[in-house]
Amino acid sequence: MTDEQKKIIDYYIESNKNNEDEFNLVLEKLNECLSSFLNEIILNSNNEIFFKLHLLGEHFLNSNFDYENPINILIEVIYANEENYNYSKAREQKLGVGKILTDAFNANKQQVYVENDLLNSLYKNFILKGDTFKAYKRKNCVYLKFLDYKFVLFFLTNNNSQNFNFTIKGSEYNLNLDETHKNLTEKNSQTNGKFFNLIKFYKIIEKELFLIDKLKFEPSRILYFYENLLYNVPNELLNNNYIYDNFIESYNFLLKSYLNNSLENFISSDNKTLINDNYKLFAKYYITTHDISRLLKQCKVFINNIDDILNNNKL
């Protein structure tokens, strides 16, 4: 590949950023709607419940390319009285007579909203707003389309733990959000922004392979997939002048790690084991050796087709 072609790729990544101001405005309007709903819940619960909102993943870090992937918002639920929460959670599992008996023996406890109550109420809140929001509920999440942006909202009771355990679309996550975001942004700073540009390039690869009908695997839909995987690429491999050269260096590093069976040494950005191949019924660990194998195959397809992609002005 010529330097001129590499410059085209760099220009594409730098100049084709979506309108961040528009996204921030949409996020602000959604936040106003959520704040109004959550404040009403707080008042109705006599200040027994409090909330903290967390924007997750690429949209928080600005390591995204385009806004095609859903924007995940975790609504952390904090209960003032843990006994009332435990009572309400146990009560939720009981049927008619069982609830009456539970109430009779716990007259001194106050019933509060639990996660499922909150999810149902949030869903109804958006449905009542008509065409402004298009919402549907699936399992533990409310899926929302608002001004052409896609959101996934869910509640989580965390009990003041630094680690957040949750499931989205069958993928399990155990994250220390503060450490995750801190370490990822530090690596980006240490590489003068080349780390996030590399992440964006891998996401562009997905898009380009889709356009030529060669995409088989969409890892960008898995929360922090590229962010955590590429976190393991040494900083010294990301000091090239062009993004494409950093991509080749990272691809070779990942391929070598895969062939040498050293993926087991990879860690997430919050210092947990990243690759887990254990089989688990009804749930999939979010990064496996098989995922890396599929990703490497896709990267090879992209490398073999890069000239055609550039010549056809698809990149």
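**Rings around F247**

Modeller: Let's start with F247, which has 0% relative accessibility and so counts as buried (buried means under 20% relative accessible area, exposed over 50%, partly exposed in between, with a 1.4 Å probe and protein chains only). F247 pairs with F302 edge-to-face, at 6.2 Å centre to centre and 85° between the planes. For pairing, rings of Phe, Tyr and Trp (its six-membered ring) need centres within 6.5 Å; planes under 30 degrees apart are stacked, over 60 edge-to-face, and the rest tilted. F247 is in helix α10 and F302 in helix α11 (residues 289–311), so this pair ties together parts 55 residues apart in sequence. Helices here are DSSP runs (H or I, at least four residues), numbered from the N terminus, while strands are E runs of at least two. F302 is buried too, at 0% relative accessibility.

A word on the ground rules: this is a predicted model, where local features need pLDDT of at least 70 and side-chain atom pairs count only at pLDDT 80 or more, while totals for chains, interfaces and linings use all residues. Residues are numbered from 1 along each chain as its sequence is written, and side-chain values use heavy atoms, leaving out hydrogens and water.

Now zoom out: the pairing rule gives 22 aromatic pairs. Take Y202 and F247: their ring centres are 5.3 Å apart and their planes at 70°, so that pair is edge-to-face. Y202 sits in helix α8 (residues 194–211) and F247 in helix α10 (residues 243–259), so parts 45 residues apart in sequence are tied together. Y202 is buried, with a relative accessible area of 1%. Ring pairs link F201, Y202, F217, F225, Y226, Y244, F247, Y251 and F302 into a cluster.
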